[in-house]
Every structure is written in structure tokens, then in C-alpha cells.
Amino acid sequence: MGSKRRHQKKKRKLIGGEEEEEEEEEEEEEEDRISSLPDSILHQILSSIDTTSVVQTSVLSKRWRYLWTSVPNIHLDYDAFPDLVKNCICYAFRHNVQELLLWPDWNSYVEHSVFPACLSEALGISSSSLISLTLACHAFGMPPDKPLRLPALKTLRLAGCCHDYANFITGTVGNCTNLETLILDDLELNSLNINAPNLRNLELHYYDDDCSCGSCFESKIVVSAPGLTSFKLEGHALPVFSAASLPCLHNVHVCLKTWSFDEYESYDVPDEEILQRMPLNVMKMLEQLGEADYVTLSMDTVEALAKDPDSLNNRLSPFRKLKHLKLTTPSRSSNLPLNVIAYLTKGSSSDTLVGDFYSLGKWIRA
């Protein structure tokens with residue numbers, strides 16, 4: 001019995017050994033399968049992980065030894081490599097980088113942390129190749145000393161721009177003479193001046209997480225962009241808008257979010273005089289955008305207009321060429337404000353006018 005047990009144990013060990021060998025062979029086959037993929041696919045995989053891990057793949061085999069050196073995208077942790085980040089930006093600019101995104105990881109972002117002056121200096125380098133730039137301005141704390149000068153830039157997205165950034169934005173946009181798309185996220189500015197002759201698309205998204213930014217009250221927006229085709233405005237803002245002629249404007253999207261004293265009683269809210277001026281300010285803004293033929297408005301915007309029925313009745317429709325009107329987000333009331341619909345649509349020169357309205361929990365097409 002004793003020898004039989006030993007034999008069985010040995011057999012199990014042998015079987016276990018065979019199983020281990022089979023597992024090792026399967027792992028080798030799996031590794032070979034990945035290694036056999038073309039460089040383009042491996043580059044795509046490596047581009048999605050942090051650069052430290054990418055470099056470590058060089059020890060896997062001869063196939064991987066130098067593969068990391070040709071990865072098109074790199075991800076660096078600024079806290080781990082502060083000087084290296086600055087050097088990489090400078091290197092990229094000197095080697096004709098076309099697209100650059102500087103956006104901190106919010107999960108590891110420490111309040112009041114700022115990028116050092118050396119990074120601002122790196123961004124100040126003039127680049128004749130950069131076409132697209134995305135920059136999280138909240139990471140600076142203060143704007144760079146000088147506006148950016150990027151003559152080839154076509155797309156610029158800035159986020160977290162507060163009071164001190166107005167001049168930086170105006171100067172940078174003025175220096176980027178070929179700019180076609182400008183997106184400003186999380187704005188906290190009480191004035192903004194944009195002069196861009198080649199601009200086609202403009203998006204302004206005002207900060208509205210908790211409505212505590214009093215700087216947005218009656219935000220003054222001045223736009224000079226004769227080639228503009230698309231304009232979008234969102235957030236808790238009471239805009240005082242003025243623009244030069246916009247003959248090419250086609251698409252307008254206005255999604256203003258109005259204040260409720262009951263909902264935001266613990267935060268700053270506009271005083272009653274400012275709120276009373278809002279409907280007329282919105283009407284004047286829409287008149288400045290009157291060349292558009294495809295218009296989207298939030299229900300908050302429509303309801304704000306409805307608060308001044310006398311002005312509605314005494315004004316002509318701002319949109320002379322209107323073809324499509326869309327009202328988004330549910331209405332707090334049970335009925336659409338028909339006086340606003342009449343104001344927006346009357347006198348349109350289009351043969352066909354399509355309206356998409358969201359009311360009573362469903363879409364209505366008219």
C-alpha cells in the first residue's frame with residue numbers, strides 16, 4: 001500500500017509537472033502571439049499606457065528592445081519627472097510637433113499646485129508647426145507672462161480660464177492668425193474680447209458647477225470674426241454680447257442656465273436688477289447672431305425670454321433666414337411659451353421651417 005501511495009503521489013506530481021509545462025507552453029505561445037503583431041498595433045497599445053511602463057517592455061525580448069523608442073505618444077507623470085516634462089515640450093516644439101495636449105490628471109491633482117515658470121517658458125517658444133493645442137490653464141494658477149505666438153495653430157482649447165486670463169486669451173488669439181476653432185471651457189471671466197479674422201468655430205462654456213462664480217454676472221463678450229460659421233454658448237452666464245457683422249454664421253447653440261434662489265440660496269446669485277435685464281440682453285445677443293439658419297436653444301433660455309413679454313411683442317424675429325429651430329432640455333412648466341416661439345419664427349424668409357420641441361416628456365416636431 002505504501003509503494004502504491006508513493007506511485008500515485010509520484011504520478012500526481014508527474015501529472016502536475018506536465019500541467020505546469022503545458023501552462024508554460026501556453027504562456028510562451030500567448031507571448032509570441034502578441035509579439036508577432038505589426039509595429040503599428042503595438043504602438044497603439046503602448047500609446048495608451050504610461051511611459052515608464054512602456055520603457056520597461058524593452059527587457060521582454062529582442063523584439064521589444066527598441067520598440068518603445070518609436071511610440072508616437074508619451075504619457076509622463078509631472079510629479080515624477082518635473083524637469084523632463086519641460087524638456088519634452090521644448091524638444092517637441094523644436095522637432096515640429098503638430099498636436100500638443102497638456103492636461104493634468106484630476107485624480108492626482110493637488111489643489112493650489114501650479115506648473116513652474118519653466119513650463120510657461122517652454123510654452124512661450126514660437127512654433128511654426130503646432131496645429132492643435134489643448135491646455136488646462138487651472139494648472140498654472142496665473143497665466144503665462146506673454147501670450148502664445150503660434151502662427152500655424154488652427155485649433156485652440158483652453159480650460160479653467162479665470163479673471164486674469166482675459167488679456168492672455170485676447171493676445172494669444174490675436175497672435176494665432178490662422179486660428180479656425182476656439183473652445184474655452186470652465187470660463188470665469190466678466191469680459192472677453194475675441195478678434196480672429198479666420199475663426200470658423202467658437203465655443204464658450206461658462207463654469208457652472210455650483211453657481212458660486214459672481215464674475216459671470218453680465219459677462220461682456222465682444223467678437224470680431226467675419227468668417228464665423230458656428231457659435232456655441234453654455235453655462236450660468238448673463239451675456240452682454242456684441243459682434244461685428246457675421247455674414248457666414250450658420251449654426252447657433254445657446255444653452256443658458258438660469259439661477260433659482262431656492263436652489264442656490266447658499267451661493268452667490270445675481271441681484272434682481274441683473275436678472276430683470278437678462279431677457280433683453282439675450283434678445284440683443286440673438287439679434288447679433290441673426291444670420292444663423294439652424295438654431296438650438298435650451299428651455300432655460302426660452303423661459304428667460306418669456307419673462308419680458310412686452311419686449312417680445314415689440315421686436316422682430318432675430319433670425320431672418322431660420323430653417324430649423326430646436327429647443328432642448330425639458331420644460332419645468334407644462335406648456336411651451338408660445339409667445340417666444342412666435343417671436344423666434346415670425347417673418348422667416350425660408351420656404352420650410354422645422355421645429356423640434358421637447359415638452360411634456362416627449363419630442364414634438366412642427
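I began with the terms: two strands count as paired if DSSP finds at least two bridges between them, and helices (H or I, at least four residues) and strands (E, at least two) are DSSP runs, numbered from the N terminus. The model is predicted, and local features need pLDDT of at least 70, side-chain atom pairs count only at pLDDT 80 or more, while totals for chains, interfaces and linings use all residues. Residues are numbered from 1 along each chain as its sequence is written, and side-chain values use heavy atoms, with hydrogens and water left out.

**Strands**

I noted ten helices and 14 strands in the protein. I then looked up strand E8 (residues 230-235), which runs parallel to strand E6 (residues 201-206) and is joined to E6 by five bridges; His-205 has Glu-234 in E8 as its bridge partner. E8 also pairs with strand E10 (residues 251-256), again in the parallel sense, over six bridges, and there Lys-232 stands opposite His-253.

A separate entry concerns the open sheet of three strands, ordered E5-E7-E9 with parallel pairing. Strand E5 (191-195) and strand E9 (240-243) are at the edges with a single partner strand each, so one side of each has no neighbour in the sheet. Between E5 and strand E7 (residues 220-224) I found five bridges, and Ser-191 has Lys-220 in E7 as its bridge partner.

**Salt bridges**

I took a salt bridge as a side-chain nitrogen of Lys or Arg within 4 Å of a carboxyl oxygen of Asp or Glu, and the structure holds seven. Arg-63 and Asp-39 form one at 2.8 Å, N to O; because Arg-63 lies in the loop between helix H3 (51-56) and helix H4 (82-94) and Asp-39 in helix H2 (residues 39-46), this pair ties together parts 24 residues apart in sequence.

For burial I used relative accessible area with a 1.4 Å probe and protein chains only: buried is under 20%, exposed over 50%, and partly exposed in between. Arg-157 and Asp-185 meet in a salt bridge at 2.6 Å, N to O, and since Arg-157 lies in strand E3 (residues 155-159) and Asp-185 in strand E4 (residues 181-187), the pair ties together parts 28 residues apart in sequence. Arg-157 is partly exposed at 33%, whereas Asp-185 is buried at 11%.

My last entry is that Glu-291, Arg-320 and Lys-321 are linked in a network of salt bridges.
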